[in-house]
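Dear colleague,

Please find below the structure that I am handing over to you. The findings follow directly after it.

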Amino acid sequence: STTNLAQRLAQVSPCRGCEPTELYAVAVSPDGQTIAATGQAGQIFMWRTEQVANAQQPALVVPTGARTLYSLDFSPDGGLLVAGAGDGTVVRVDVSRRVATTLPGDLGSAQIVSAVAFQPGHGGRVAVAGSSGAASVLEVATGAKVLGSLFSGHGYLSSLAFSPSGRLLAAASEDRGVLLWDSQTGKPQP
C-alpha cells in the first residue's frame, strides 16, 4: 500500500555513512520507477521504487553544490529533475548522466525557490516560485524567462501546479489563497 511505501521510504537512510538530513521535497518519475528526495544537505537522493519497497539503500546520490534544496520535480519524460534552492537558484539534473548544473540567471538571492513544476506538453519549461511572492516560467535549457515575473501580491508562494494541458498555472500563497494565471500570457484568471 502507499502508506507502507511511505513508511519504508521514511526509514531508509539517504546514503551509507552520511549524516541524517532533513528532507523537504520528494518527486516520483512519470513512469513510477524512480523516487527522488532532497533537502538540507543540498544533495538529491534517488531510489528505484523496488529499493524503497525492500527498504534498501539508495542507488544514487547527486551533489548539486547548493546548501539547501526546497522543491523538486521530474520532467514529463523523466530525463530531468529541477530543484529550487534557498539562495534563489534553480538546479537542473540530467538523471541518466547524474550531473547537476545551476540554471543561468538569478531569481534573487533573497528568494527561497520553494516550488518548481514542469509544464505538461513543454518538457523544456518549468515554473518556479518562492518567498518573493512571484512566479516565473523558465526555459530549462537556458534559464531564460519565457514568462516574466507573475507577482501575486499575496506573499510567499509555497506550491505550484499546471493544469493537465499546461495552459493554466496555479499557486498556493501564504495568505490562504490559490492564484491562477494563463501560462501563455501571464494574465490572472478569475
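**Findings in the predicted model**

Strands β14 (residues 168-173) and β15 form an antiparallel pair, joined by five bridges. Within this pairing, Leu 168 has Asp 182 of β15 opposite it. Please bear in mind that the model is a predicted one.

The two strands belong to an open sheet of three strands, whose order is β13-β14-β15 and whose pairing is antiparallel. At its edges are β13 (157-162) and β15 (178-182), each of which pairs on one side only. On average, neighbouring strands of this sheet are turned by 20° against each other, direction ignored.

Strand β2 covers residues 34-39, and six of its six residues are buried.

Strand β2 pairs with β1 (residues 23-28) in the antiparallel sense, over five bridges. Here Val 26 is found opposite Ala 37 of β2. The two strands make up a hairpin with five residues between them, and Gly 32, located in the turn, has a positive phi of about 75°.

Strand β2 is also joined to β3 (residues 43-48) by five bridges, and these two strands run antiparallel. Ile 35 has Trp 47 of β3 as its bridge partner. The hairpin of β2 and β3 has three residues between the strands, and Gly 42 in this hairpin takes a positive phi near 70°.

The next topic is aromatic pairing. A pair of aromatic rings is described by the distance of the centres and the angle of the planes. How many aromatic pairs does a search of the whole structure find? The search finds one. The pair consists of Tyr 24 and Tyr 70: the ring centres are 5.3 Å apart and the planes are at 5°, so the pair is stacked. Because Tyr 24 lies in strand β1 and Tyr 70 in strand β5 (residues 69-74), the pair ties together parts that are 46 residues apart in sequence. As for accessibility, Tyr 24 is partly exposed, with a relative accessible area of 34%. Tyr 70 also counts as partly exposed, at 28% relative accessibility.

Two individual residues remain to be described. Val 116 is placed in strand β9 (residues 113-119). Is Val 116 buried or exposed? Its relative accessibility is 8%, and Val 116 therefore counts as buried, the cut-off for buried being under 20%.

Asp 94, finally, is located in strand β7 (residues 90-94). Its side chain makes a polar contact of 3.1 Å with the side chain of Ser 96. When residues up to four places away in sequence are not counted, Asp 94 touches Gly 79, Leu 80 and Val 99.

With kind regards

How values were computed:
Residues numbered from 1 in each chain as written. Predicted model: local features only at pLDDT ≥ 70, side-chain atom pairs only at ≥ 80, totals over all residues. Heavy atoms only, no water. Buried < 20%, exposed > 50% of the residue type's maximum accessible area, 1.4 Å probe, protein only. Helix = DSSP H or I, 4+ residues; strand = E, 2+ residues; numbered from the N terminus. Pairing = 2+ DSSP bridges. Polar contact = N/O pair within 3.5 Å; in protein donor to acceptor, adjacent residues only side chain to side chain. Contact = heavy atoms within 4.5 Å. Axes fitted to C-alpha atoms, helices over the stretch in contact; angles between N-to-C directions. Phe/Tyr/Trp six-rings, centres within 6.5 Å; stacked < 30°, edge-to-face > 60°.
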